[in-house]
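Hi everyone, thanks for coming.

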Amino acid sequence: MDRKTLASYFDHTVLHPTATTADLKKGAEIAIANEVAAYCLKPHAVSEAKQWLAGSDVKLCTVIGFPHGNSAIEIKVAEATLAAKQGAHEVDMVINPSKAIEGDWDYLKRGISEINDATVENGAILKVIFETGFLTDDQIRKVCEISSEVGVAFVKTSTGFGFVKDDSGNMVGTGATVHHIRLMREACSPDVRIKASGGIRSLADAMDMIEAGADRIGASATEAILAELS
């Protein structure tokens with residue numbers, strides 16, 4: 001795979017809570033210079049990012065209900081509506097993982113459906129973030145089924161900010177895995193695309209995800225990964 005083709009898989013991301021306006025603007029410059037698919041940044045900066053990306057082919061992406069997914073459905077609908085009206089082409093929404101864990105599928109389907117409707121009605125597409133590291137395979141399959149029934153554009157593994165305790169009590173990050181990408185590809189309808197995100201830091205990581213079935217790669221290390229092909 002050549003560099004331009006690989007770049008077309010990437011959503012370059014700048015989502016760290018301490019990222020300043022200067023950091024976000026620099027992220028837009030990186031996205032444009034590398035001709036990636038989309039630039040994903042914090043929602044407060046969507047209007048500015050629209051100006052930064054003007055004249056390029058890079059799609060503008062933002063996140064809602066981020067990073068833990070615990071906002072009320074109505075708040076996520078309002079966030080998605082505002083983001084799309086401000087110029088976001090793509091909206092990455094975190095589900096409420098506790099609802100998947102307890103099996104409240106009606107709640108999840110209502111939320112995904114209402115948020116997808118609000119996003120699409122305002123000219124954008126929705127990506128549904130599962131935070132796969134929190135869920136069992138059966139729970140992931142069920143959210144894939146719901147997302148397919150609703151007809152979202154993408155399902156996505158992780159926020160990059162999901163942490164669990166290991167056996168020693170230390171907090172460790174969860175992220176995209178080849179197993180989860182394969183599982184999501186198998187469980188989703190063919191029309192739903194897959195985004196791998198969380199912990200992808202090398203060319204080998206990115207290629208593993210693509211070979212497993214990922215259509216997009218979310219990463220903050222975009223430049224370093226693409227440089228490995230130079």
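This is a predicted model: local features need pLDDT of at least 70, side-chain atom pairs count only at pLDDT 80 or more; totals for chains, interfaces and linings use all residues.

Let's start on the inside. The largest nonpolar core has 61 residues, and the members that touch the most others are Phe10, Tyr39, Phe130 and Ile217. Helix H9, residues 203–212, gives the most to this core, with five residues. Apart from it lies another core, of five residues, including Leu15, Ala38, Cys61 and Val63.

Let me pick out Ile217 from that group. Leaving aside residues up to four places away in sequence, Ile217 touches Tyr9, Phe10, Asp11, Ala196, Ile200, Ala206, Met209 and Ile210.

Now, the cysteines. How many disulfides does a search of the whole structure find? The count is zero. As a reminder, a disulfide is a covalent bond between the sulfur atoms of two cysteines. Take Cys144: the closest cysteine sulfur, in Cys188, is 3.4 Å from its own sulfur, which is too far for a bond, because the two sulfurs would have to be within 2.5 Å. Is Cys144 buried or exposed? Cys144 is buried, at 0% relative accessibility. Cys188 is buried as well, with a relative accessible area of 7%.

On to the spaces, beginning with the largest pocket. Its volume is about 380 Å³. There are 21 residues in the lining, and Thr159, Gly160, Gly198, Gly199 and Ser220 are the closest to the centre. Two strands each give two or more residues to this lining: E1, which covers 10–14, and E10, which covers 216–219. By class, the lining has seven nonpolar, 12 polar and two charged residues.

The second largest pocket comes in at about 180 Å³. Its lining is made of Lys4, Ser8, Ile32, Glu35, Val36, Ala37, Ser56, Asp57 and Val58. Here the classes are four nonpolar, two polar and three charged.

Around it you will find Ile73, Lys76, Met93, Ile95, Asn96, Tyr107, Leu108, Gly111, Ile112 and Ile115. Helix H4 (73–86) and helix H6 (105–121) each give two or more residues to this lining, and H6 gives the most, with five. Seven of the lining residues are nonpolar, two are polar and one is charged.

Last stop, the backbone. The peptide bond from Phe66 to Pro67 is cis, with omega near 5°. You can find Pro67 in the loop between strand E3 (59–64) and H4.

Which residues other than glycine have a positive phi? I have two to show you. One is Glu35, with phi of about 55°, in the loop between helix H2 (21–34) and strand E2 (38–41). The other is Glu131, with phi near 60°, in the loop between strand E5 (125–129) and helix H7 (137–150).

Notes: Residues are numbered from 1 along each chain as its sequence is written. Side-chain values use heavy atoms; hydrogens and water are left out. A nonpolar core is a set of buried Ala, Val, Leu, Ile, Met, Phe, Trp, Tyr and Cys residues joined through side-chain atoms within 4.5 Å. Buried means under 20% relative accessible area, exposed over 50%, partly exposed in between (1.4 Å probe, protein chains only). Helices (H or I, at least four residues) and strands (E, at least two) are DSSP runs, numbered from the N terminus. Contact means heavy atoms within 4.5 Å. On a 1 Å grid over the protein atoms alone, a cavity is a set of points where a 1.4 Å probe fits but cannot get out, and a pocket is an open set with protein on both sides within 12 Å along at least five of seven lines; lining residues have an atom within 4 Å of a point. Grid points are joined across faces, edges and corners, and a volume is the space filled by probe spheres set on the points. Ala, Val, Leu, Ile, Met, Phe, Trp, Tyr, Cys and Pro count as nonpolar, Asp, Glu, Lys and Arg as charged, and the others, Gly among them, as polar.
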